[in-house]
Amino acid sequence: MPLSKDHRGKDAKAISRPKHNNINNIKPYSHNSSSPSCSRTKTPSSTSTRTPYHPRRRTQTQPQRILIVGASIHGLILAILLQRLRIDYLILERSCEYGIPPNGTVLGSFAVNLLEMLGLVDIVKSQSKEVHRMKIWRENGTIQAETDFSGAADQYSHNGIAIASRALQDILRAQVPEDKILDSKEVKGYVQDEFEVRVSCQDGDVYWGTMLVGCDGMNSTIRKLLHQEQAARLSAEDRRPDRRTCTVMGVTKVLDDVICLDPDTMQDIFRMDYINTQVILGQAEPYACWTIPMPMERRISWMITYHKPDDEPALYHDELEADSMDRPNVEQEFVNKVRQLLDHSNHEDIYQVSSDKRSYDMWYSGRVVLGGDACHK
C-alpha cells in the first residue's frame with residue numbers, strides 16, 4: 001500500500017497536538033525554551049499536599065516512532081532492538097539498490113555477545129570464521145609482533161569473528177519487515193520542535209517521528225544538517241574540515257590460488273577452521289595495509305591507510321589513490337605486497353574515504369542523534 005505524504009501511522013491521527021500544515025512553519029527546537037511544557041520538575045508550595053512531579057509518572061501523550069536514516073549494519077541492529085522492545089520505527093535508505101561494499105568486517109567478542117542476545121549468533125557463525133591471531137609485518141618481510149586472540153572465549157564467552165559485510169547485512173535485514181525499510185529515500189532536511197521531528201526527502205515525501213537517528217555512515221547527511229542547525233554550539237574541533245587519515249578499501253576477486261603474505265602459514269587459509277588477520281606497516285611513510293581473509297567467499301578483504309604526520313598539511317578530500325603507492329619514498333617491499341591485492345581486485349570493488357581518529361563532540365541535539373560511523377570524523 002503506498003504511503004501518504006505525511007506518514008504518521010494509524011494511531012497518530014487521534015492524538016491531540018499542534019498541527020503543522022507546512023514543514024517550514026515548525027518552530028525550530030531550542031535548548032533555552034521557556035515553554036511550561038519543557039519544565040521537567042515542579043516545586044510544590046509549603047501548603048500543597050500533592051505528590052511532587054516525577055518524570056516516570058508522566059503519562060504518554062503520543063506514540064513513539066523512531067526514524068532511522070540509513071539501512072547500514074548499525075541502523076539494522078537498532079531497528080531489530082526497537083522491534084524487540086515493540087517500539088515503532090521506519091528506516092529511510094538513500095540507495096535504490098540493496099547492498100553495501102563487499103568488504104569483510106571483524107566483530108569483537110562484545111559484538112558477538114550482542115548477536116547472541118538477538119538470537120542471531122548461530123546463523124552469523126555459520127557464515128563466518130573465528131579470528132585467532134593477528135600478525136604485524138614490517139615492509140621488509142620480517143614479523144614485528146603477533147597477537148593471539150584464541151582464548152577470548154574463555155573470558156568473554158565468544159571469540160571474535162570475521163564475516164563479509166554483505167552477508168552480515170543480509171542476515172540483519174531478514175529480521176526487519178519489508179514495509180519498515182523504504183529505499184530511494186534521500187533526506188534533504190529536517191525540522192524539530194519539543195514534540196516531534198519531521199524529515200523531508202528529495203522526492204517530496206515527509207515523515208514524522210518522535211526521534212531521528214542518523215546511521216548513514218561517515219559522510220552522514222544527518223550530521224551535516226545537525227551541525228548546520230547547531231552551528232553556534234559547535235566546538236573548534238568540529239568546525240575543522242580537515243582529516244588526517246585517508247583509507248583505500250577493497251576486496252579481491254574470487255581466488256583460485258591464495259595471495260600469500262605469509263606463505264608458510266597462509267597457504268591453506270581457505271581450508272582452515274579459523275583465520276589470521278595480517279598487517280603490514282610501512283617504515284619510511286605512515287602507511288599500513290590490513291588484510292582479512294574471507295574463506296566463505298574465497299576472497300581477501302584489504303584496507304590501506306595513510307596517516308599524515310602533524311607537520312604535514314591535513315587532508316581536505318580523498319587524496320590517496322592506487323598510483324600513490326609508486327611514490328619513491330615508499331619502500332619497494334611494501335609496494336610489491338600491496339600491488340598483489342590491487343592487481344587481483346576489480347576496480348568497482350575499490351573505494352576510498354578520508355577520516356580522522358576521533359568522534360564528533362556534537363553528536364546529538366534535541367530529538368536528533370547520530371549513530372555508528374556517522375559519529376566519527
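Predicted model: local features only at pLDDT ≥ 70, side-chain atom pairs only at ≥ 80, totals over all residues.
View 1. R65 is buried, with a relative accessible area of 8%. D88 counts as partly exposed, at 30% relative accessibility. R65 sits in strand β2 and D88 in strand β3, 23 residues apart. Salt bridges with shared partners join R65, D88 and K180 into one network.

**View 2. An open sheet is built from six strands.** The order is β8-β3-β2-β12-β19-β18, with mixed pairing. β8 (181-182) and β18 (364-365) each have a single partner strand, so one side of each lacks a neighbour in the sheet. Helix α6 (residues 221-229) packs on the sheet and touches β2, β12, β18 and β19. The directions of α6 and β19 make about 130 degrees. Strand β3 (residues 88-92) pairs with β8 in the parallel sense, over two bridges. L92 stands opposite L182 of β8.

**View 3. R173 forms a salt bridge with D183.** The closest N and O atoms are 3.3 Å apart. R173 lies in helix α5 and D183 in the loop between β8 and β9, so the pair ties together parts ten residues apart in sequence. R173 is buried at 18% relative accessible area. D183 is partly exposed at 30%.

**View 4. D205 and K185 meet through their side chains.** Their salt bridge spans 2.7 Å, N to O. D205 is in the loop between β10 and β11, K185 in the loop between β8 and β9. Both count as buried because the cut-off is under 20%: D205 has a relative accessible area of 11%, and K185 has 10%.

Notes. Residues numbered from 1 in each chain as written. Heavy atoms only, no water. Pairing = 2+ DSSP bridges. Helix = DSSP H or I, 4+ residues; strand = E, 2+ residues; numbered from the N terminus. Contact = heavy atoms within 4.5 Å. Axes fitted to C-alpha atoms, helices over the stretch in contact; angles between N-to-C directions. Buried < 20%, exposed > 50% of the residue type's maximum accessible area, 1.4 Å probe, protein only. Salt bridge = Lys/Arg side-chain N within 4 Å of Asp/Glu carboxyl O.
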